[in-house]
Every structure is written in C-alpha cells, then in structure tokens.
Amino acid sequence: MEENKPFTYCSSSSSSSNSGNPRRQDAMENLWRVSRCYPTSTLEEAFNNIRIYPEYNCISYNNLHQQQGFRRSYPSLNYNLFNSNAECDCFMCKSLFDLAVAPKTTKILQRFIENVHQSYLKHLFRAFVNKIEEMMSQPLANLITQSLIERFTAEQIDYALHEICAKGFLHRICINTYGRKTLEKLLERISDPQVINDLTNALKPSVLRLVDSDEGRNFILFCLRNFSDKGNKPILEVVAQNCTFIGGSIKGCTVLSQIINNVPDPINNGSEWMNHMLVIQAIAQNAKRLAYDQFGNYPMQSLLGRRNPYINTIILNQLKGEFYQLSSNKFGSNVVEKCLLMVTQRDQLDHIITELLSKSGISSLFLNEYGNYVMQTALKVSKEWMPLQHLYLLQSLRENQHIIWNTRYRKHLRQWLPRTTMQRML
C-alpha cells in the first residue's frame, strides 16, 4: 500500500494549454516520498536541479525526470506550478514541516534555504509562522528554523516573536530544550524594543513555573543578562513579590543571585536599575526567612558581599535578635559570618558582637559545630576594630577552655588563647 504523502498538488485548471500535461506535483513532495527508498546523494542531486523563480511564480526542473525515483516525465522545462501566491503558501505550509522532520531531507532542505532567492523567503516565512511551535521544538526542524532565522529580515523576526506571544504557546517553547535555544537565537536579532516588552509581559504569568524548570530557568537568566531593566520589568515584579518562594529552591536562588550581580556597584544611576533595586530590597526585607533556608542563604551572602550600606542596614535590622540562633544554624551561621565580615559601620559590628555576648549560652557557641566558626570570625574582626569586645570574647573563651579542650574544634580556637594558658593546660 502506498505511503500517505503530506500533500499532493493537483491543478483544477482544465485549460487547453495544460491539457497535455500530466498531474502536476511539486519536486520537494516527490523528494519526501522517495526519501525512504533512495540514498541521500540521489536526493541531493535532484534537489540541486530545482530552480525557483518567484517573480514568475514557477519552478524549473532541469532534467528532473531523469533522476532516480521520479516516475513521471514533464514535457516542458518550465511551467507555472502555482496559479497564485495563496496556492504556493498553501503548499509550503503543508510540506515545509514534513520535509524538515524527515532525516534524509533535513540537511538538503537546510542547504536549499541558505541558497534560495531572497524574494522567495516570504513563502517560507509564512509556512514557518503557521507551524512555528513545531518548527522550533522538534529536533530536526529546529535546524531548519535556525537556517531560516539567518535569512529572515528584522521585520519578519519581530513579527514571528509577536505571533509566539499572541498565540499563547510561549511557555511551552521556553521549557523545551530546542525551543528555548531557537527562541534565544530569535531574540538576538530583535530590532524593535517594544517586542521585548511584549515578550516579557507575555512571560509574566509563567515566571514561577519557568523558574521551577531547568530550561525555563535558563531562559529567565538569558532575559536578565541581555535585556535592560525596563525590558525586564514584568519579570522583576513577579520575582520581587515571590522572592522567598523563588529563593527556597536551588534553581530559584540562581535567579536571585543573577539579579543581584546585574546591578553595578556603586550605582551611578539609580533610576536605570529601579526594578532591580525593588527585588534587592524585597530580598533584604525577607532576610530572616531566607537566612535560615538551605538555598536562600546564598542570595543573602551575595547581597551582603556588595557592601551597600543602605541594603546592609535593612538586613541587620531584620536579623536583630536572631544572631545567636542563626549562629548555631547550619545555613544561618554562614550569613552571620558574612555580616561580621562585610558590615562597613563600626556600630553595626558592635551590635552583632554585643548580642552574641549578651546571651547566657555564649559558651555553647564555642562548642557548637557551626557556632564555633562564627566565634572565630568574631574574634578575628574584633581584634582589629573593637579591642574591648575582643577582650570580652577572650574572657568567655578562657572560662570555657577546659570544656573546649576536649572537643574536636580545639585546634581552631586554641590559637586565640595566651601561650601561658596553653602551657598550663598541657
């Protein structure tokens, strides 16, 4: 039984000039039909003999009837295959995708697109737009799409992106490996800034779902790296409203870190980074919740590392009264260490150390598997900037030296004890 073909063009014209011609079929459709039966070299040879003349809306077959696999002969060398542009578009819409996904015709079609006359690309463009999701998401058709993108004009690229946003399958393309890469290639050739705004507005309802997927997260990072603060406004608004939810996952914390790292330091033009600063302020205002989180503590450390006095003040105010508890927490202890190292004002450093000393269980921090690192950092910082606080910390260390000496952390702490004390202990 003969295999079903994607499309067969049959002219409805019965004029006397065409009465002697056989049933008209397009050469590419024949290539698709015989691709399973004949080697690629034969198909490529046949493809190279096809000449397309869009200004006359006709196809020339140079000895095509002699190619292996084509059983029909064409009495005239040139004749009008399509009666109108609409018929040409109809054929291309039904055949382009089928040729693009056929393994034997993909590379041949790719070379054909690279060499085809520019004026004929309008038919290919219409065919591409009508099957745009499939052309971008299918592994083999994706190669054809990349070749088409190189030939399309800037206006056609903008129109294609508008269609992606308008037809509602932007999310499906973003989470597809091939679709994401092709979409990024399209975005590299954007000429109209308004298209970027339309794209990010279309992304806004899907930002949280995209962050949860590998490919979607990569696309969000692409937008953050390549678009301006104004272009990323819809994405940044969603991130600012849901920063604790996003920061609570390993994928989401990378998005927050990218936003933090995008902002230059120092900020010369605050209005240029206004939307980024909204996200940074939201992270700082949720410092207490993020500091305890296994993934959220990483954006917190990145933010403290920027040494921005305004942001660091917000973070310290949010963490006030929590430094002792954070110091004995696996994830929070990293944030407290960063606070001790990165605060730029002496009164802020004094407040952190005073809060640690005021707790009756400060000796337990020296014995804690996480807290002892916080106390080592406090000793190191206070020695240089706060001699009095440093003496209080040493006194607390001496009072508990016999207990500390029996723990596995003694090698880190004994360097802070006076030599005479060490000799007595030995």
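This is a short chat about a predicted model.

Visitor: What does UniProt list for "repeat: Pumilio"?
Guide: The UniProt entry, which is unreviewed, gives residues 282–317, 318–354 and 355–395.

Visitor: How much helix is in residues 282–317?
Guide: That span is 72% helix and 0% strand. Its end C-alpha atoms lie 14 Å apart.

Visitor: And residues 318–354, what are the figures there?
Guide: There the chain is 73% helix, with 0% strand. The end C-alpha atoms are 17 Å apart.

Visitor: Which ones are buried in helix 22?
Guide: G332, S333, V335, V336, E337, C339, L340 and M342.

Visitor: What do the buried residues of helix 22 pack against?
Guide: Helix 18 (287–291), helix 19 (297–304), helix 20 (309–319), helix 21 (323–327), helix 23 (346–358) and helix 25 (371–385).

Visitor: New topic. Where is L391?
Guide: L391 sits in helix 26, residues 387–399.

Visitor: Buried or exposed?
Guide: L391 is exposed, because its relative accessible area is 52% and the cut-off for exposed is over 50%.

Visitor: Last one, S213. Where is it?
Guide: S213 is in the loop between helix 12 (207–211) and helix 13 (214–226).

Visitor: Why does S213 count as buried?
Guide: Its relative accessibility is 19%, and buried means under 20%.

Visitor: What does S213 touch?
Guide: I175 and K251, leaving out residues up to four places away in sequence.

Methods: Residues are numbered from 1 along each chain as its sequence is written. This is a predicted model: local features need pLDDT of at least 70, side-chain atom pairs count only at pLDDT 80 or more; totals for chains, interfaces and linings use all residues. Side-chain values use heavy atoms; hydrogens and water are left out. Helices (H or I, at least four residues) and strands (E, at least two) are DSSP runs, numbered from the N terminus. Buried means under 20% relative accessible area, exposed over 50%, partly exposed in between (1.4 Å probe, protein chains only). Contact means heavy atoms within 4.5 Å. UniProt positions are given in the numbering used here, feature names are shortened, and annotations may be inferred rather than shown by experiment.
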